[in-house]
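User: Can you walk me through this model? I'd like to start with how the chains sit together.
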There are 2 protein chains.
Amino acid sequence: MQQVAINGYGTIGKRVADAVRQQPDMEVLGVAKTRPNFEAETAIEKGFSLYAAVEDRADQFGEAGLEIAGPVEDLVEAADVVVDATPSGIGARNKELYEEYETPALYQGGEDADVADVSFNARSNFENATDADHVRVVSCNTTGLSRVIAPLQEAYGVEKVRATLVRRGGDPGQTDRGPINDILPDPVTVPSHHGPDVETIFPDLDIDTLGMKVPATLMHMHSLNVTLEEEVDPSDVRELFADESRLFLIPERMNIDGSGKLKEYALDAGRPRGDLWENCIWEKSVSTVGTDLYLFQGIHQESDVVPENIDAIRAVTGAADAEESIETTNETLGIGL
Amino acid sequence: MQQVAINGYGTIGKRVADAVRQQPDMEVLGVAKTRPNFEAETAIEKGFSLYAAVEDRADQFGEAGLEIAGPVEDLVEAADVVVDATPSGIGARNKELYEEYETPALYQGGEDADVADVSFNARSNFENATDADHVRVVSCNTTGLSRVIAPLQEAYGVEKVRATLVRRGGDPGQTDRGPINDILPDPVTVPSHHGPDVETIFPDLDIDTLGMKVPATLMHMHSLNVTLEEEVDPSDVRELFADESRLFLIPERMNIDGSGKLKEYALDAGRPRGDLWENCIWEKSVSTVGTDLYLFQGIHQESDVVPENIDAIRAVTGAADAEESIETTNETLGIGL
């Protein structure tokens, strides 16, 4: 039974904690947080041991009536692996701590690639992370792109990828984000960082990406163009995608027109927090013009990396190979709409 | 002095009326409207003769205290040219009326291309409309794409265009439109109608477009990729664009990050209604990767076709050639930021 520490209990951390708890081969040793809030209270209610991530703020938990199991150092020392789910940039600062206690660590995609020995996507390069000490689970957008590119590359070969990422301005809970009533090129420079980030998974890939930000909070939307090495019928591409467990092909009959109905469908289906762990590809949008493939996909920024974190835990601990791990993760979480 | 009738006095019609009034070689004979509202009141205040577009609703104007000059038929009969600025689909139904009185007519881009003998963009194919009886001024998005494609094609040759159009859900006054907090593939099928529409201007162009709708009202935003027939330095493309009177290259020093600041700049500059007649291209976004050119451009859906309508009036009446007309239009309106 792998003992997993989760450092950072926000959007990603709390989801990873719940997902770890559902696995047959790992358990949550504890979660660390910098300050008390509704998430800390829920962690306690769920029975997770709560650790103080910042020593001189530890008192705040007591004042809020929340019992602390100890400082984050104790948690890291005792764990077999730590999932760092702290905000962008903090993960890199925590690396020293993980090295001090020789605890293998996973970082999130907000960190620079050089924080880790390997950037990770379960479908694309699970093996690269086997027994690595520092692994970066790539961002929600890079995860979404990688899951589509991997099967296309294997089946047809990819000449070039061009993607426009229309990104939600902030998550539903991020009340300090924008824009209101605007469409922002973001970054205004081309290419955006997303293309180079995908190249941490596919080093030889030719990919250009453009990013925007819009007044929406539910999901990102990708307008994707992949120039394939051969002409392919769209129905073949749909069949190829249908075989991928983490690609959800939205059937036309469902009358799902955007992120709102997708989330509502996930909630109706009883999914925790209405999470959509899969890429949500509009089946009707999968089209080809010569060797050019086009599609729209919705990416749930809060949750698509959660199963990837679980698989990365198994990779660094050497607990399973890719196929075995992905199957266990999918089955326990209920992935596959 | 060309006598211009304007049928439809909404978003486009009212702007075209104001623009016609500023021309030295044409005047507004009258404007027609289906029902009284704030726009009808303003038309009267501005001294435009107001005609009733629908006979059995003419009484409503009198009841609202607005004097009607007569039925739209009288206006069409007396005019040298009519600009149809009615909602999509109504223009085609009005064609019979214009034919009956043998008045040359301009239609807007919401109509199907086959309503007219020629689809029009001043920069790209002015000459095709010379002395034509029925001319369609293409939509705001097609206008925006055409203005960029024409100089690129002339300077370098264009192998292929791929564009993602992130469209405002509705105009600021369209309170019945959506989405709220969503990003919708729209249409979800690929290609969107925009590509074929651009081909009404450039019949041999290879272009694929994808459309989306987002909760913004101010402007559309295009993520544009043009594969050129040669490798070009981005600075050369910027110089090429700088010579185009209806392309505004947003300088980095202005710190304009999106539609909101663009509109505020136009209002600060004293532009009527804060209109942005030019494509607004982020200079910093103009980038090349091999033969692939990328850029972001904002398109003001309410106004970029206004100068095109003015030029189209001169084309169908044979009053000027392209260069002469465009120069007069630009000078009188104040185009060129």
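This is a predicted model: local features need pLDDT of at least 70, side-chain atom pairs count only at pLDDT 80 or more; totals for chains, interfaces and linings use all residues.

User: How much area do chain B and chain A bury between them?
Analyst: About 3,500 Å², with 64% of it on carbon and sulfur atoms. Chain B puts 42 residues into the contact, and chain A puts in 42 residues.

User: How many salt bridges and polar contacts are there between chain B and chain A?
Analyst: The count is 4 salt bridges. One salt bridge pairs B:Asp292 with A:Arg162, with the closest N and O atoms 2.9 Å apart. Several elements of chain B each supply at least two residues of the side that touches chain A, including strand S9 (158-168), strand S12 (220-228) and helix H10 (259-268). By class, that side of chain B has 20 nonpolar, 14 polar and 8 charged residues.

User: Switching topic. How is chain A divided into domains?
Analyst: Domain 1 covers 2-137 + 305-333, and domain 2 covers 140-299. The centres of these two domains of chain A are 26 Å apart, taken over C-alpha atoms.

User: How many residues of domain 1 of chain A are in contact with domain 2 of chain A?
Analyst: 23 residues of domain 1 are in contact with 18 residues of domain 2. The two domains of chain A bury about 1,600 Å² between them, and carbon and sulfur atoms give 44% of that.

User: And how many salt bridges are found across that domain interface?
Analyst: 8 salt bridges. A:Arg246 and A:Glu308 also meet in a salt bridge, at 3.2 Å from N to O. Among the elements of chain A that each supply at least two residues of the domain 1 side are helix H1 (11-21), helix H11 (306-317) and helix H12 (322-333). That side has 8 nonpolar, 7 polar and 8 charged residues.

User: Why would such side chains pair?
Analyst: Side chains of opposite charge can pair when their charged atoms come close.

User: What's the salt bridge total over all chains?
Analyst: It comes to 45 salt bridges. One to look at is A:Glu252 with A:Lys284, where the closest N and O atoms are 3.4 Å apart. This pair links distant parts of the chain, 32 residues apart. A:Glu252 is in the loop between strand S13 (247-250) and helix H10 (259-268), and A:Lys284 is in the loop between strand S14 (279-282) and strand S15 (287-289).

User: Last one, backbone. Which peptide bond is cis, and where does it lie?
Analyst: The bond from A:Gly178 to A:Pro179 is cis, with omega near 5°. A:Pro179 is in the loop between strand S9 (158-168) and strand S10 (184-185) of chain A. The bond joining A:Asp186 and A:Pro187 is cis too, with omega about 0°. A:Pro187 sits in the loop between S10 and helix H8 (194-198) of chain A.

User: What about the phi of B:Asn255?
Analyst: Phi of B:Asn255 is near 55°, a positive value in a residue other than glycine. Most residues other than glycine have a negative phi. B:Asn255 lies in the loop between strand S13 (247-250) and H10 of chain B.

Conventions: Residues are numbered from 1 along each chain as its sequence is written. Chains are lettered from A and ligands numbered from 1 in the order in which they are written. Side-chain values use heavy atoms; hydrogens and water are left out. Domain bounds come from an automatic or database domain assignment. Contact means heavy atoms within 4.5 Å. Buried area is the accessible area (1.4 Å probe) that two parts lose on being put together, summed over both. A salt bridge is a side-chain nitrogen of Lys or Arg within 4 Å of a carboxyl oxygen of Asp or Glu. Helices (H or I, at least four residues) and strands (E, at least two) are DSSP runs, numbered from the N terminus. Ala, Val, Leu, Ile, Met, Phe, Trp, Tyr, Cys and Pro count as nonpolar, Asp, Glu, Lys and Arg as charged, and the others, Gly among them, as polar.
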